[in-house]
Structures are given as structure tokens and as C-alpha cells.
Amino acid sequence: MVEDREQIYSKRVRAGKRTYFFDVRSTRSNDYYLTITESRRHPQGDGFTYEKHKMFLYKEDFDKFADALKEAVDHVKTELMPEVDFTQFEPKPEEANLLGESDLKWD
């Protein structure tokens, strides 16, 4: 496994009890890769615990991965659930501002 190096870019996607992190990182040899982390929140006592699953995606697989993801999502939207208006799941502008940012980091 490649050791995590400097984080170059990060995008967080909140989805209910799940949060997805898309982080671009660099290697010692100045190559780049993407980590995709799913974090799930579980109640524990008076607080929460977080279960994390991380996936590493390397540059030689970027296009294949993006194409397969788009194809799978499009298949669900057009073939399996054409009656669903998926825009209903997009956050409204006022909700996006209420989400706020957190200092939590998932490495």
C-alpha cells in the first residue's frame, strides 16, 4: 500500500449518516493518486463512533473507473428507475449553507 503523502485536494460529500471524502495525494516521486473514503457514523453511548472504508485509485485507472461509475449510475437512472427525479436529492441552496464545515479529517 502506498503511504499517504501530502494532500493536494479534498472534496467532502455528506450523505445522511455517511460522508464520502475524495482526496488527491502525492507520492514521494511526485505522482498522484486518489483516495476515496466512506465514513459511517454509529451512535455509541453519549457520542458516536465512525467506521471507515478507504479505496486507493491510481492514475492509470482514473478514466476506466470514472467511465464505469457513470455507466452504472446512468443504468440505474435510465433503465431501473426512469420514473425517479434524482434532482430531488440535491441539497437546496439554503440547506447547503446550513451544513457547515467540520474540522474532522479522515486520513
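The model is a predicted one. Its chain contains two helices and four strands, which follow one another along the sequence in the pattern β-β-β-β-α-α. The four strands make up an open sheet with the order 1-2-3-4 and antiparallel pairing.

**Overall composition**

- Of the 107 residues in the chain, 15% are buried.
- Among the contacts in the chain with a separation of 6 or more, 32% are between residues 24 or more positions apart.

**The sheet and its edges**

- The open sheet runs in the order 1-2-3-4, with its strands paired in the antiparallel sense.
- The edges are formed by strand 1 (7–15) and strand 4 (47–58); each has a single partner strand, so one side of each lacks a neighbour in the sheet.
- On average, neighbouring strands of this sheet are turned by 20° against each other, direction ignored.
- As a general point, strands of a sheet pair through backbone hydrogen bonds, in either a parallel or an antiparallel arrangement.

**Strand pairs and hairpins**

- Strand 1 and strand 2 are joined in antiparallel fashion by eight bridges, and Ser10 has Asp23 of strand 2 opposite it.
- These two strands, 1 and 2, form a hairpin with two residues between them, and Gly16 in the turn has a positive phi of about 65°.
- Strand 2 and strand 3 pair antiparallel over nine bridges; within this pair, Tyr20 has Glu38 in strand 3 as its bridge partner.
- A hairpin is also formed by strand 2 and strand 3, with five residues between them.
- Strand 3 (residues 32–44) pairs with strand 4 in the antiparallel sense over 12 bridges, and Leu34 faces Leu57 of strand 4 across this pairing.

**Asn30, in the loop between strand 2 and strand 3**

- Asn30 lies in the loop that connects strand 2 and strand 3.
- The phi of Asn30 is near 60°, which is a positive value in a residue other than glycine.
- For context, most residues other than glycine have a negative phi.
- Is Asn30 buried or exposed? Asn30 has a relative accessible area of 57%, and because the cut-off for exposed is over 50%, Asn30 counts as exposed.

**Thr37, in strand 3**

- Thr37 belongs to strand 3.
- The relative accessible area of Thr37 is 1%; since buried means under 20%, Thr37 is classed as buried.
- Which residues does Thr37 touch, not counting residues up to four places away in sequence? They are Thr19, Tyr20, Phe21, Lys52, His53 and Lys54.

**The second largest pocket**

- The volume of the second largest pocket is about 400 Å³.
- Its lining consists of Val13, Arg14, Ala15, Tyr20, Phe22, Val73, Lys77, Phe86 and Phe89.
- Strand 1, strand 2 (18–26) and helix 1 (62–80) are the elements that give two or more residues to this lining.
- Strand 1 supplies the largest share of the lining, three residues.
- By residue class, the lining of the second largest pocket has seven nonpolar residues, two charged residues and no polar residues.

Methods:
Residues numbered from 1 in each chain as written. Predicted model: local features only at pLDDT ≥ 70, side-chain atom pairs only at ≥ 80, totals over all residues. Heavy atoms only, no water. Pairing = 2+ DSSP bridges. Axes fitted to C-alpha atoms, helices over the stretch in contact; angles between N-to-C directions. 1 Å grid on protein atoms, 1.4 Å probe; cavity = no way out; pocket = protein on both sides within 12 Å on 5 of 7 lines; lining within 4 Å. Points joined across faces, edges and corners; volume = space filled by probe spheres on them. Nonpolar A, V, L, I, M, F, W, Y, C, P; charged D, E, K, R; others polar. Buried < 20%, exposed > 50% of the residue type's maximum accessible area, 1.4 Å probe, protein only. Contact = heavy atoms within 4.5 Å.
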